[in-house]
Amino acid sequence: MERRVQAKSKKPAESHTEMTEIVLPQHTNALGTVFGGVVMSWVDIAAATCALRHCNRSVVTASIDAMHFLAPIKLGWVVNLKASVNFTATSSCEVGVKVIAENPITEEYFHTASAFVTLVALDSHGKPAAIPKIDPQTDEEKRRYGDGEKRRQHRIATRKALQNRRTHP
């Protein structure tokens, strides 16, 4: 069997992922709008697909930063999710996901949510594994990389505080 050599770095475009869903009755609440949990599930799937493409390994979700629902998504609409790797650490990466709802009748588009998802790559034993670094190319990718680095520092501090609270109630 041929063994693949893992790249030292990858461009964000190499793992960029776009996913499309149509809002069906089982996705909606009594108001005819999508349940927030359904949108979160779609965000998690888009992020995991993007991270899998970047890492070339199985990945698991470690965290999802605060998610704000900016506008409702209605029954029959089309939901487009765009995911890109913003930042990488040794075994984890931050994937930004933007959710855009489309009313196919009026051809209007609505930015309805965004989230930053941190995923960890795993080796065949289920332990964190090294991943390729991200190599941002455009000014926008470089800005997202810098912002992702700052968010990572905040997540690390938050995780430490939570662990401390757990061990010292």
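Is Glu-94 buried or exposed, and what is its relative accessible area? Glu-94 is buried, with a relative accessible area of 1%, where buried means under 20%, exposed over 50% and partly exposed in between, using a 1.4 Å probe and protein chains only. This is a predicted model, in which local features need pLDDT of at least 70 and side-chain atom pairs count only at pLDDT 80 or more, while totals for chains, interfaces and linings use all residues. Residues are numbered from 1 along each chain as its sequence is written, and side-chain values use heavy atoms, with hydrogens and water left out.

**Salt bridges of Arg-155**

- The whole structure holds 5 salt bridges, each being a side-chain nitrogen of Lys or Arg within 4 Å of a carboxyl oxygen of Asp or Glu.
- Arg-155, itself buried at 15%, pairs with Glu-94 at 2.8 Å between the closest N and O atoms; because Arg-155 lies in helix α2 and Glu-94 in strand β6, the pair ties together parts that are 61 residues apart in sequence.
- Arg-155 also forms a salt bridge with Asp-65 (2.8 Å, N to O), which links helix α2 (residues 139-167) to the loop between β3 (58-64) and β4 (68-69), 90 residues apart; helices (H or I, at least four residues) and strands (E, at least two) are DSSP runs, numbered from the N terminus.

**A pair within helix α2**

- Glu-140 and Arg-143 form a salt bridge at 2.6 Å between the closest N and O atoms, and both lie in helix α2, 3 residues apart, about one turn of the helix.
- Glu-140 is partly exposed at 39% relative accessible area, and Arg-143 is partly exposed at 42%.
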